[in-house]
Amino acid sequence: MTRLYITVDSLGCGTFSHLCGSSRFYCVRLWDKMIKPIISEYIMKRILIFLVIGALAIGDALAQKASPSVTATSDAETKPIRYYPPNIIYVHAGYCTSWISSCGLTSSARSGYEVGITDRIRVGRRLPFYLRTGADFISKGYEINGFDNSRTALNYIQIPVEADYTISLNERFALIPFAELYYAVGVSGKRKVNGKKTDIFSNEGGFSRHDAGLSCGVDATFHRFVIGVNYHVGLVNIDKTDTMYGDNSNKVGYKNVRNRCFVVGIGFNF
């Protein structure tokens with residue numbers, strides 16, 4: 001029976017030998033020169049890895065012992081995703097387009113502006129409900145084509161009382177729908193007809209200084225910045241004279257005049 005063995009010379013180099021019969025040669029130097037060093041190196045690497053892992057584990061345990069422990073569960077239970085301040089004050093300004101609703105006239109829109117300051121006060125303990133009020137200066141008005149070809153400007157100080165709710169999209173963005181009642185007092189106003197100007201709130205102008213109505217809209221916030229839109233519907237007939245001209249089949253004039261306004265604005269929270 002022929003067996004294949006490996007012999008190793010004095011330099012550790014292996015050669016193949018064919019040995020026949022019962023004679024055998026055991027390569028003791030193969031263990032000393034090749035196998036034993038490989039096994040020793042493998043064991044030493046594993047021992048070094050375990051020592052490094054053990055040192056890191058001990059260091060992490062000491063660091064946790066030295067610092068106060070805070071659990072993720074307690075943070076989630078006690079700290080809300082978004083903080084809702086109890087009071088928010090912001091200034092705002094915007095562009096508005098306004099017109100009037102009247103039984104006897106069809107008006108065109110007039111461009112204007114608004115500026116103001118608003119104070120939001122949180123009333124919900126857990127939910128972000130707010131009441132808001134403030135003071136706005138708003139320039140409304142309208143144009144009439146075909147009846148008296150006039151252009152009218154109405155400038156008001158407006159006091160709103162509003163309710164809103166904050167819908168958080170994430171820590172930075174939020175949508176705030178709101179609805180309000182407002183009272184406005186006219187501080188100045190002119191009607192221009194054929195180059196002639198008349199004080200709209202005088203006896204000759206015939207309009208009341210007092211107005212009130214409803215408004216609804218939505219604000220979008222990003223950090224401290226606000227952009228919003230809202231629509232104003234006047235509920236008060238601001239024409240004191242309520243004058244109509246012509247017969248019943250063809251009435252023209254100022255009758256049941258009410259303000260309408262659409263506002264696009266920007267703001268900044270303090």
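A: Two strands count as paired when DSSP finds at least two bridges between them. The model discussed here is predicted.

Q: With that in hand, in which sense do S3 and strand S5 pair, and over how many bridges?
A: S3 and S5 (residues 110–122) are antiparallel, with twelve bridges between them.

Q: How many bridges join S3 to S15?
A: Twelve bridges join these strands, and S3 and S15 run antiparallel. Here Ala93 is found opposite Ile266 of S15.

Q: How should I read a nonpolar core, and which residues of the largest one touch the most other members?
A: In soluble globular proteins, nonpolar side chains tend to be buried together. In this model the largest nonpolar core has 18 residues, and Tyr142, Leu154, Tyr156, Phe207 and Tyr254 have contact with the most other members. Elements contributing two or more residues are S3, strand S6 (129–144), strand S7 (150–165), S9 and strand S15 (258–269). S6 supplies the largest share, three residues.

Q: What is the volume of the largest pocket, and which residues lie nearest its centre?
A: Its volume is about 430 Å³. The lining consists of 19 residues, and those nearest the centre are Arg82, Tyr83, Pro85, Ile88 and His223. Strand S3 (87–101) and strand S9 (173–193) are the elements that each give two or more residues to this lining. Sorted by class, the lining of the largest pocket comprises nine nonpolar, five polar and five charged residues.

Q: How much space lies in the second largest pocket, and how is its lining made up by class?
A: The second largest pocket holds about 270 Å³. Its lining has 15 residues, with Asp148, Arg191, Glu204, Gly205 and Tyr254 nearest the centre. S9 and strand S10 (196–199) each give two or more residues to this lining. By class, five lining residues are nonpolar, five polar and five charged. Tyr254 was also named above among the core residues that touch the most other members.

Q: How many disulfides does the structure hold?
A: A disulfide is a covalent bond between the sulfur atoms of two cysteines. The structure holds zero of them. For Cys261, the nearest cysteine sulfur belongs to Cys96 and is 4.2 Å away; the cut-off is 2.5 Å, so Cys261 is in no disulfide.

Q: Is Cys261 buried or exposed?
A: Burial is read from relative accessibility, with under 20% as the cut-off for buried. Cys261 is buried because its relative accessibility is 0%. Cys216, at a relative accessible area of 44%, is partly exposed.

Conventions
Residues numbered from 1 in each chain as written. Predicted model: local features only at pLDDT ≥ 70, side-chain atom pairs only at ≥ 80, totals over all residues. Heavy atoms only, no water. Buried < 20%, exposed > 50% of the residue type's maximum accessible area, 1.4 Å probe, protein only. 1 Å grid on protein atoms, 1.4 Å probe; cavity = no way out; pocket = protein on both sides within 12 Å on 5 of 7 lines; lining within 4 Å. Points joined across faces, edges and corners; volume = space filled by probe spheres on them. Helix = DSSP H or I, 4+ residues; strand = E, 2+ residues; numbered from the N terminus. Nonpolar A, V, L, I, M, F, W, Y, C, P; charged D, E, K, R; others polar. Core = buried A, V, L, I, M, F, W, Y, C linked by side-chain atoms within 4.5 Å.
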